[in-house]
Amino acid sequence: MADTGFSREDLSMFMYIFEELFDNTEEERFKRDIICFLAYADEKWPSNEEMDNIAMKFNDMGTYEFSGIIGAVDGTHIRIEPPSENPQAYFNRKKIHSLILQGVCTSDMKLIHVNIGWPGRVHDAKFLRNSDLWNTGFEKCRYGRFHILGDGAYPIKVWLLTPYRDTGHLTRNQTKFNKSLSSKRQVIERAFGLLKGRFRRLKYINKRSIVNMCTVIQSVCILHNMCICNGEDLAEFLETDVNDDDDVHVVQFGENDAEGTLKRINMTNRL
């Protein structure tokens, strides 16, 4: 993607303007229209032509090889002020109120798909099953030719590869597969760490409605992508974002599909 032409001052002013709009109920429709337009332009899923290049960059990243990756998926919690309606639903395992941001990023930490708004009490796998990515992932990944990487919280699909569960009896190749997958998948954790490190607004959102909170998060994701495309220096903003689910292996066996399992076995044998 070409340079956006936005300076850091431009991005700061952009955020300031939207912060003002978030508190002006008369501008709600205008605000949402702008966010929807920018999200469509900036978080666009890669074209078929772009996927080969993305997969090559993922494969070249780090010391392990892993072909066919076009993204890594995970969820992160955004701390919020307890909402007036049903606040207990937003109270997560870390004993804070939060909204979940589910994101898919490429190797350069650019977000190509986000879903926002499920309460913090919801598990990552349930969030995924209720997002549009669950229904469109197969098609988005060119019918299984490519794949997204996820952690053990997610079921395995032909378009979503996850690690083997370590029960102490993994083969050498299965262990290598897990290490390869983990080394590539961690880019989404770095992306969330960068997002929160650059935009401190995500440390705590105290807006008056869940809709406005989601809009803040959406706009920050757009600004994040603008910064990536602008070639901003990342080192000063990077923070560690730890997976918030304590027990990631909660997937029921029936949720895994046979094609995904076979694909993982074949890739393991090729390592």
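Helices of at least four residues and strands of at least two are DSSP runs, numbered from the N terminus. With that in hand, let's take a look around this predicted model.

Start with strand E2 (residues 98–105), which runs antiparallel to E3, with seven bridges joining the two. As for E3, it's mostly covered, with seven of its nine residues buried.

Carry on past E3 and you get to His 123, in the loop between that strand and helix H4. Is His 123 buried or exposed? Its relative accessible area is 14%, and buried means under 20%, so His 123 counts as buried. The His 123 side chain also reaches the backbone nitrogen of Ala 125, at 3.0 Å.

| Element | Residues |
|---|---|
| Strand E2 | residues 98–105 |
| Strand E3 | residues 111–119 |
| Helix H4 | residues 124–129 |
| Helix H6 | residues 172–185 |
| Helix H9 | residues 258–270 |

**Two helices that cross**

How do H6 and H9 meet? Their axes come within 9 Å and cross at roughly 100°. Angles of 65 to 115 degrees count as roughly perpendicular, so that's what H6 is to H9. On the H6 side, the contact is made by Asn 173, Gln 174 and Phe 177, while H9 brings Arg 264, Met 267, Thr 268 and Asn 269. Sorted by class, the contact has two nonpolar, four polar and one charged residues.

Terms used: Residues numbered from 1 in each chain as written. Predicted model: local features only at pLDDT ≥ 70, side-chain atom pairs only at ≥ 80, totals over all residues. Heavy atoms only, no water. Axes fitted to C-alpha atoms, helices over the stretch in contact; angles between N-to-C directions. Parallel < 35°, antiparallel > 145°, perpendicular 65-115°, else oblique. Contact = heavy atoms within 4.5 Å. Nonpolar A, V, L, I, M, F, W, Y, C, P; charged D, E, K, R; others polar. Buried < 20%, exposed > 50% of the residue type's maximum accessible area, 1.4 Å probe, protein only. Polar contact = N/O pair within 3.5 Å; in protein donor to acceptor, adjacent residues only side chain to side chain. Pairing = 2+ DSSP bridges.
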